[in-house]
Amino acid sequence: MTTALTLEAGRPWPLGAHWDGGGVNFALFSAHAEAVELCIFDGDSMRALPVRQCSDQVWHAYLAGAAPGLCYAYRVAGPAAPDSGQRFDPARLLLDPCARQIVGRFSWTALDDPAQTPRACVVDETFDWDGDAPPAIAWADTILHEVHVKGVSRQHPDVPEPLRGTYAGLASPAMIAHFQRLGVTALSLLPVHHFLDEQRLASEGRVNYWGYNTLAFFAPEPRYAARIGGQTVIDEFKTMVRTLHAAGLEVILDVVFNHTAETDEFGPTLSFRGIDNQSYYLLPPGNLAAYENFSGCGNTFNLTHPRVLQLVMDALRYWVGVMHVDGFRFDLAAALARDSAFLPALRQDPMLQQVKLIAEPWDMGPDGYQLGRFLPGWSEWNDRFRDDVRAFWLTGEVGVGALAQRLAGSSELFGGAGRAPQAGVNFITAHDGFTLRDLVSYQDKHNELNGEDNRDGHGHNLSWNCGEEGDSNDPLVLEKRRRLQRALFTTLLIAQGVPMLQGGDEIGRTQAGNNNAYCQDNAMTWLDWRTADSDLIDFVAGLIALRRRFPQLRRNSWLTGEGGGEARQPDVLWWHPAGRPMVMADWQSATLGTFAVQLASDLPGAGQPPDSRLLLCLINRDEIPVPFLLPAGVWQQRCDSSAPQPFAAGRRETTSLVAARSIQLLSRE
């Protein structure tokens with residue numbers, strides 16, 4: 001680096017590093033810094049340039065002639081006073097919080113080696129989107145599929161080897177064919193923001209496979225990039241989104257803004273802590289040398305600060321406007337909303353109003369369980385659905401009343417403030433916990449390979465091993481498991497609200513009883529397509545097709561039990577298997593395990609096929625078949641979850657025998 005470099009004043013907006021065709025503008029927020037240096041890299045050589053302009057707590061400069069590909073970092077000087085909340089160290093190279101692309105790999109064994117410090121890279125954001133448009137799928141028609149970018153394709157034999165486990169692999173023809181075969185409408189991706197592996201994991205030779213340890217909110221994680229033909233990480237991500245959109249699939253990102261990878265006071269100083277610790281993190285009022293830990297991960301990002309809130313909002317707009325994603329699932333969203341303007345800011349933002357917003361509605365702090373309390377326009381992960389459905393089918397700890405409440409959309413949670421049934425995201429399994437196959441195969445968690453003596457992971461799983469722990473060759477055990485998996489899938493897809501499937505459940509994936517496989521980047525978590533259960537895939541696909549066919553299963557309004565429209569049928573009726581309406585004693589029964597729900601379309605006569613006006617769901621969790629007396633009319637069988645040919649046609653007039661641990665769906669002629 002021999003040429004003279006001179007910084008001009010530049011401007012304090014936008015934050016980050018932006019190329020304008022003639023040079024790069026740099027802008028960095030720090031309210032408490034006393035001096036800032038911009039460090040420019042050319043190979044192994046570095047030049048530190050003083051940033052002399054500071055406007056409204058934003059340090060800014062312009063480097064004429066600089067272009068995309070330039071690598072840079074910051075050094076920031078200020079008080080080294082942890083007891084006062086500040087942890088400045090002018091010797092440390094710090095990553096720009098607005099970095100779009102990261103080069104270099106963080107190493108716990110080389111914390112003080114500048115040559116191994118991750119650096120930001122200036123990017124050119126131009127990209128040929130080729131007319132890309134978001135699928136814009138209505139919430140009522142949405143079916144979420146939670147997948148891990150690497151794990152979903154890493155072992156797929158029809159994905160080219162160089163693409164397996166990458167952004168390009170996720171959007172390969174083989175993977176798209178599977179998603180379309182299933183009928184899912186949106187891929188909910190586990191974190192793809194640039195993240196780090198925790199020190200304990202690295203020292204044990206493990207990694208943070210799930211990725212909930214973010215360092216850079218704007219930068220896609222480079223370890224998932226194939227880089228075929230020299231394509232950049234950003235362009236590969238954009239190509240993935242464009243390809244998935246063309247296939248009719250939305251892309252939802254799981255984002256972690258509640259904490260950062262700098263962890264607690266013993267963690268590394270990599271970015272925010274060294275730039276302005278007191279602004280970026282929530283600190284306990286009586287102990288500014290520590291961190292509030294509402295995340296359970298060592299620190300809590302301070303969205304009560306306007307500039308920190310701005311950073312998060314800028315990041316969200318970047319992923320929508322520049323990267324074209326279709327929505328976000330916010331990890332520990334209660335921590336973001338705690339005493340901040342985050343929810344109102346999102347609600348009024350003209351760009352973010354157009355995308356899907358999903359909250360994990362809890363955190364580790366006081367009053368952290370916020371299920372049902374988010375604003376209109378939000379959907380929320382409904383863990384009550386997960387627990388009650390498991391308890392109904394697997395442990396018998398709840399009865400028909402609890403299941404009926406979940407099938408009806410959990411209106412007691414989400415029915416206020418003008419919200420619709422789509423405010424609830426229903427799921428039975430997710431990345432955190434058992435797979436569906438393990439849910440019916442293990443009574444207890446088996447997390448020994450995580451290196452924590454099986455202390456990690458939830459102990460209360462509401463699971464049932466069907467009589468034998470783990471793998472079994474007993475045909476009776478295997479049949480129970482087969483039926484229960486199908487009954488659970490059916491329950492998920494006939495319930496009001498938004499269904500979410502965990503990627504791999506549809507192929508019968510197991511994690512050998514590990515219910516916290518966050519550090520297992522190996523065959524335990526990668527989907528094994530060689531042993532995929534094709535019959536189960538077809539079953540799930542058939543259920544999704546029925547959900548798409550019958551509007552009763554995806555209503556935009558709450559069930560009331562009242563009639564209306566041309567059909568003049570009540571929108572919902574609840575039947576006892578004896579053919580009479582359910583009464584209070586039935587709902588409160590501790591032993592009744594059978595009931596039926598009859599649903600009328602909320603769009604009678606509006607172009608729907610005649611047989612779609614009434615749908616009957618017969619539910620039997622008992623160990624023996626139960627005959628159901630049917631409401632008047634002739635009924636066509638649409639699904640029998642227990643049958644070898646579950647979607648074979650059948651005609652019923654007065655009764656229907658529902659097999660043990662199964663659900664039947666009938667529509668009236």
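Here are a few friendly notes on the salt bridges in this predicted model.

1. Let's begin with the overall picture. The structure holds 35 salt bridges. If the idea is new to you, side chains of opposite charge can pair when their charged atoms come close. The points below pick out some examples to find in the structure.

2. Look up D331 and R329, whose side chains meet in a salt bridge with an N to O distance of 3.3 Å. Are these two residues buried or exposed? Both D331 and R329 are buried.

3. Now turn to R530 and D528, another salt bridge, where the closest N and O atoms are 3.1 Å apart. R530 counts as exposed because its relative accessibility, 64%, is over the 50% cut-off. D528 has a relative accessible area of 23%, so this residue is partly exposed, falling between the 20% and 50% limits.

4. The pair D571 and R555 is worth a careful look: in this salt bridge, the closest N and O atoms lie 3.7 Å apart. D571 sits in the loop between β24 (569-570) and β25 (572-575), while R555 sits in the loop between α15 (534-549) and β23 (563-564), so their pairing ties together parts that are 16 residues apart in sequence. As for accessibility, D571 and R555 are both buried.

Technical notes
Residues are numbered from 1 along each chain as its sequence is written. This is a predicted model: local features need pLDDT of at least 70, side-chain atom pairs count only at pLDDT 80 or more; totals for chains, interfaces and linings use all residues. Side-chain values use heavy atoms; hydrogens and water are left out. A salt bridge is a side-chain nitrogen of Lys or Arg within 4 Å of a carboxyl oxygen of Asp or Glu. Buried means under 20% relative accessible area, exposed over 50%, partly exposed in between (1.4 Å probe, protein chains only). Helices (H or I, at least four residues) and strands (E, at least two) are DSSP runs, numbered from the N terminus.
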